[in-house]
Amino acid sequence: MRKYFDTIQRIAGNVVTVSADDVAYDHLATISSARGDSLAQVIRLEESLVSLQVFAGSQGVSNNDRVRFLHKPMQVPFSENLLGRVFDGSMRPRDGRGPVNGEPLDIGSPVVNPVRRRMPDEMVETGIPMIDIFNSLVESQKLPIFSVAGEPYNELLARVGLQANADIIILGGMGLRHDDYLKFRQTFEEGGVLGRAIMFVHTAADPVVECLLVPDLCLAVGEKFALQGKRVLVLLTDMTAFSDALKEIAIIMEQIPSNRGYPGDLYTQLARRYEKAVDFDEAGSMTLLACVTMPGDDVTHPVPDNTGYITEGQFYLRNGRIEPFGSLSRLKQQVNGKTRDDHRAIMDSCIQLYALCRESREKRDMGFEMSDWDRKLLRFGTMFEERIMDLSLNLPLFDALDRCWKILAECFDPAETGIRRAIIEKHWPVPLS
Amino acid sequence: MKGKIVAVDGSLVVAEMEDRVVQNSVGYCVRSDGTRLLSEVIRVRGQRADLQVFEETRGLRVKDPVEFEEQMLSVVLGPGLLGQIYDGLQNPLPQLASQVGYFLQPGVYINGLVSDRRWDFTPTAKEGDTVAAGDTLGTVPEGIFEHRIMVPFTAVGGYRIEKLVGAGSYTIEDPIAELVAEDGSTLPVTMQQNWPVKVPLSVARQRLMPVDPLVTRVRIVDSMFPIVRGGTYCIPGPFGAGKTVLQQITAKHAEIDIVVIAACGERAGEVVETLRDFPELIDPRTGRSLMERTIIICNTSAMPVAAREASVYTGATLAEYYRQMGLHVLLLADSTSRWAQAMREISGRLEEIPGEEAFPAYLESRIAAFYERAGALELGDGRIGTLTIGGTVSPAGGNFEEPVTQGTLKVVGAFLGLSRTRSDARRYPSIDPLDSWSKYGGIIDNEKMVRIRRLLAHGNNVRQMMTVVGEEGTSLEDFTVALKADFFDNVYLQQNAFDDVDAATTAERQQFVFDKVLEVIDLQVEATEKKQVRQAIVVATDLFRNWNYAASDSDEYKGWLEKIDQFIASKGRT
């Protein structure tokens, strides 16, 4: 049954209000205007008034255009044929090939019962010592990369995607520059992973609202693959663009803003997406790595702030390096206790000493005399930055640990490292006096 | 009582009622496929009721029916709560998993207690006795506890026990007693009863001043910022500062009878960690699994927001129930900010006039009322039961000058503020030793503690000065103070939560180590150069750290202690 409603009451921003009966909350409609058809989603019901957010934007929609309700929520056709394909935020192919048919999958599925989640315990080795030693990535983890415009966050994301041991890679691009999109595609092609990758890309040139569906599409597809036993890695960039789209809709809907114009439910909206990262009991897993650009390099901005409270840690990418301070993988304790017995000791000790080195540098920069201890720290800091912090390194974990020991032995006496005696005795690379 | 939906906006539904409705009562929004979505009346205006729906509202339509119930949002109380894992509305998650699989399906609800399990009841009262609300009729063994079956808390005035069953095995639905009121009306009693979650449950002779220290085995807490049984505390901190780890180790090691963990709007992964860990861990005090003393209320951040608001109340009610048995209960709410945000979301949908940062104007009074549910009670028969509440706060941007932190600080007895500077430097637990405070008395002699506080403050001043004038511009005396403050921080305040021994320190060991640390601090190191002082402190730090990692009374422990004593005897000369 096709039912048309021709009574558009209001067009404001990207929200169109029509009068209609028997419409369900959260379901879809299409609006046919001179610009063509666009999907729209019900975001409020009030008596006979239905508010719809229009994915293609409301430009060109007139008050006697036709609205047709589809009586179903947003769905994505699921099949193996999705692999190797590129779509936009409304599920239209972006690669010039035809649409994909498959089992229709509701996006925004119910929450996973926590008792059916496994405790994640598989480390994802990336070959980057700043990740592997200091903040190990763990299967099913959700981690953001906090960065600012201009930093190579997309490159880092792509590189982790290439090197990580995942069955399926899903990229969700939101507000992506067209060049960046092409670069991702090129990297995946050259790395030979395009055949097991799916890309949902919303570029900065596309209507803003369309980017709202990108994370849901990625996660719905990823979840289904995970349920089939696959190990899925979802890469999202940039979640700040997603949040800004949420803000836009909330303001148009006259919701009371809570912080810098963002809606009060920003935390909930973000959590509903990030929490999809999962390690299923007796099935596969979905790991989520997301870029969050921090406006003004301000981590207290609502988007990075709320994200930090949801995700299991964060990486700070600054000056082309993963910052050792502030960067944190909360799940690292699940895996780094069983790699090698010195892993944790090295991790703690190097960071504490590097923190002290920073203090000594500050003192030096202010022109104070350097004590012997300061000089040791300065030496350590330089070596650490050159041999460990470099992001272009590709070192297996044990080699990276050995390298840390070497640096420590070159700079300090065993007692100065703060590492307990038993570990020192076993791993100190030069004979102990 | 019936109604019809007239509007849907996120988790808020407006319904038009045919007749009367009770504020905070339960309603079910019936989707066209027959699924009934649980909701609560939160505002009544004329013939219209605003309902917060505890499920996703996807698929609801205008004119869909709403069925109202008389009773307020309640939980069921009785034997079988311990060891359970509930969602925010007391649906047992393991049972849901076996019934509906990986996902939580909207509209599927399961009773919080198993109705066909049999419990061995032993009467303690006898027929003819006069009893009142909260009095014990008998007990059933529940794990390591004697679960008291009590006269319903809703009972008003005195009752005579007309009938009481003998010792035997009963389900929670079997009648076990019949009580007769003075006016002759009868009150049948089973082993289960309901209680509305938003009404504090407290049936007692009087409320006592909480004074008994609650030993968490976290040194910085027990020694510097103590908590007491029946008291309240809060842990505000930016993300990544270790709030949840601190709550988890408290749940594991705290010297308390029962722990209720209300994971409110936080990560599912953290709950899973607790779910998988606790059944394996043995409580050294009882020799039984930790799960036997734990109840987990789990409303993770992805679950519907209205149920998040209810989850802390559900936790508080279950905790209060066990307090009525004369037990010591600890409720850990993580995080209260998520609960406050849930209120903000609902308030926004209700179009209430917003207060600061769009939080509702009643935020502070709600926070105060929640923490006031803690307390030490002298019960009807003279026993004492306590409920301690510890809540984490997740302030936006890590800035404590925000409404939830400020509203909480006004009403709690101890403030354990986590600092990003400390966590960035991996100084865990990252409780700030200078900013935090506690109004309670602890396990360390106050006079000694005052000296340490002075040392830490003095050391901090010197450190700040040193960044300006440098090490060479600092006197040897000041320099020594700064190093001693660092020493105390390194070997006493910092604790490795992931080391089996260091993670938990008993009160006796804390007192002993504290005195030893003090001996070192009081040592007059004979030094003429800063290098010598630093060397002495490095050695002492190394000795104490190794000592901390040694299990109490092991040979290793004794060995390190001996070395420390030698160090002290030699006045730090090495």
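Visitor: In chain B, what share of the contacts with a separation of 6 or more comes from residues 24 or more positions apart?
Guide: Such residues account for 68% of those contacts in chain B; two residues are in contact if their C-beta atoms, placed from the backbone, lie within 7 Å. This is a predicted model, in which local features need pLDDT of at least 70, side-chain atom pairs count only at pLDDT 80 or more, and totals for chains, interfaces and linings use all residues. Residues are numbered from 1 along each chain as its sequence is written, while chains are lettered from A and ligands numbered from 1 in the order in which they are written.

Visitor: How much of chain B is buried?
Guide: Of its 574 residues, 52% count as buried, meaning that 20 or more other C-beta atoms, placed from the backbone, lie within 10 Å of the residue's own.

Visitor: And what does the C-alpha trace of chain B span?
Guide: Along its principal axes, the trace spans about 90 × 55 × 40 Å.

Visitor: Which helices and strands does H2 of chain A pack against?
Guide: The buried residues of H2(A) pack against helix H3 (178-190) and several strands of chain A, including E13 (142-147) and E14 (168-176). Among those buried residues are Tyr153(A), Leu157(A) and Gly161(A). Helices (H or I, at least four residues) and strands (E, at least two) are DSSP runs, numbered from the N terminus.

Visitor: Back to chain B: how many helices and strands are there?
Guide: Chain B has 14 helices and 30 strands.

Visitor: Which residues of H11(B) touch H10(B)?
Guide: Among them are Val481(B), Ala485(B) and Phe488(B), and the H10(B) side includes Leu455(B) and Met466(B).

Terms used. Buried ≥ 20, exposed ≤ 12 C-beta atoms within 10 Å, placed from the backbone.
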